[in-house]
Amino acid sequence: MNTRTEYLREKTSRLTSSPGVYLMKDKSGAIIYIGKAKNLKNRVSSYFRENPEHTPKTAKMVSQVYDYDFIVTDSEYEALILECSLIKQNKPKYNILLKDDKGYHYIKISKEDYPRITDEKNISDDGEYLGPYMSGFVTRETVNEVNKVFMLPTCNKKFPDDFRKGRPCLNYHIKKCMGLCMGNISREDYNNIVSQAVEYIKNGNSLSVERLESEMQRYAENCEFEKAALIRDRIIAVKKASEKQKIISNGVNNADIIGTASNYDNICISVLMYRSGRLFDKSVFNVPHGGDNITGDFIKQFYHGKTDIPKAIIIEDIPEDSELIQNMLSEQSGHTVKLSTAKKGHLAELLRLAKNNSAEYIAVTDSRTSREVIALEELSKLLGLEKPPLYIEAYDISNLSSSSMVAGMVVFRDGKPFKKAYKRFSIKEIYFQNDYGSMQEVLRRRLLKIGNDEDEYFSRCPDLILLDGGKGHVNTVAPLLEELNLNIPLYGMVKDSKHRTRAITTGGKEIQISGFKSAFNLLTQIQDEVHRFSVDYMHRKHSKSSYKSELTNIKGIGDKKASKIMLYFKTKENLCNADVQELARAGGISIETAQELYKMLH
């Protein structure tokens, strides 16, 4: 709680309604946040209302505000320009601050009888180098692509020393290597192929194809049809690569593609920069969660003061102040700059590539896969959650009529099953088949244990609860969350007639998930897993109770003694392996009764 709130409210009540910039300061006078506003009074007062709906980051910032200054401008556009400049000068800790440390990277063509093409960080005198490039990503992708297109060897063998010393590797058999190790390619022919590969790196595919076609024609005219066929295959490979790859000559002339992925603490933003039809560079930034205009804030800081701004900037979501940002970037660069998004086609593929790069960056730092990162981020966007749900609990009820009523709880942590935290529930309070009542009983028993250190997995509060069922299940459990004063997102997983995940329900409406491939796959996996787990427990319990009823058919064995015997031996196998004396001792029954039991078992 900020003890200065009343003072700040009083000060804000006299604030102008003009456009401008506000500078929040802490007790020491240091600027901790800078923002712009179309209406200074309305914007600043929103921070100090009685019941504000702030993000955790904004709430923390507001709690540290001791005072603020403001600068009035003539327009919102002027406020935008001033905001960018002041953030860059003062670097307030609650604004997005971009740090992107880079080194230089090179593409090396080694000095050997049979040269290799590799990506390197340092230069020495053992080869020819292309570069420097600012991005290691660009060099790696380019080298991988060119080695694949021209089928150059990437193994550790040394040529010509290792000619014919073993069978060719898998890459040869799957058409990813020419099989140089077999010794069937002359040094001259191999070096010619490497030269074509280098030209491809320098000039892209169009010039490479023209020269290759000319060379193929020359071989054909000289009746060297085998060589002509090899060149033909290489042309096909180059054209095929140009259709699929996103590094060289991809149909995008000058554009920046911005993709984001998030974990629980930070958002990773990747910028893929295409210039003259080639992926020229990549930048990656980690920024903290918080604020409602992350993309817009990032773009303003990333491009502020730059003149080399492409005409097209492709992003996932268009920010509210996109028109102002476009005007600022257009004025800086001297040409029209447009912010746009893409839902399909080649630009959508590039946007996915940028997003995957952000996801890979998070995956490396969090020891997760990019698929899991993207699935959780898609799920958070689909459900309107502030952050990706890293700890998900899912529940399903399973029964055979009114017998063997059980529930299963599975946990997905960081997008994958966390089996240590799985729990099984026997329904205790409901005596007749009632899925809604059973679900409410199970959730009450579980939620009452949040914060209880007796069970480390039950003590944790989940980021998301999923119920295997429709809106009826959600409407049954939602009042329970309110009663316990728990603010946990709650959704139901709806199945189609073929028992496949179809949608998510909030209890009032359904959210279609087919357009979110990664989230759809994750939800399907969760629903299948919780169903499997609960049904398995139900079958086990039913099998055990059925077998117990067989024991009570023997004179001298009632429910209590049958339970005592089952508890002692635990499994049918152990029970069948016991002799008469052990049966009598375990169940507290007579030798005669134990003999009858033994006969029944065998």
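Predicted model: local features only at pLDDT ≥ 70, side-chain atom pairs only at ≥ 80, totals over all residues.
Close-up 1. Residues are numbered from 1 along each chain as its sequence is written, and side-chain values use heavy atoms, with hydrogens and water left out.

**Close-up 2. Helix α10 itself.** Eight of the ten residues of α10 (residues 294-303) are buried, so the helix is largely enclosed by the rest of the structure. Among the buried ones are Ile 294, Phe 298, Lys 300 and Tyr 303. Buried means under 20% relative accessible area, exposed over 50%, and partly exposed in between (1.4 Å probe, protein chains only).

**Close-up 3. Lys 36 and Asp 321.** These two side chains meet in a salt bridge at 3.6 Å, N to O (a side-chain nitrogen of Lys or Arg within 4 Å of a carboxyl oxygen of Asp or Glu). Lys 36 sits in strand β2 (residues 31-37) and Asp 321 in the loop between β10 (312-314) and α11 (322-333), 285 residues apart. Lys 36 counts as buried at 14% relative accessibility, and Asp 321 does too, at 9%. Both belong to a salt-bridge network that also takes in Glu 76, Glu 83, Asp 297 and Lys 300.

**Close-up 4. Arg 532 and Glu 529.** Here the closest N and O atoms of the salt bridge are 3.0 Å apart. Both residues lie in helix α16 (residues 517-551), three residues apart, or about one turn. Arg 532 is partly exposed at 41%, whereas Glu 529 is buried at 13%.

Technical notes. Helix = DSSP H or I, 4+ residues; strand = E, 2+ residues; numbered from the N terminus.
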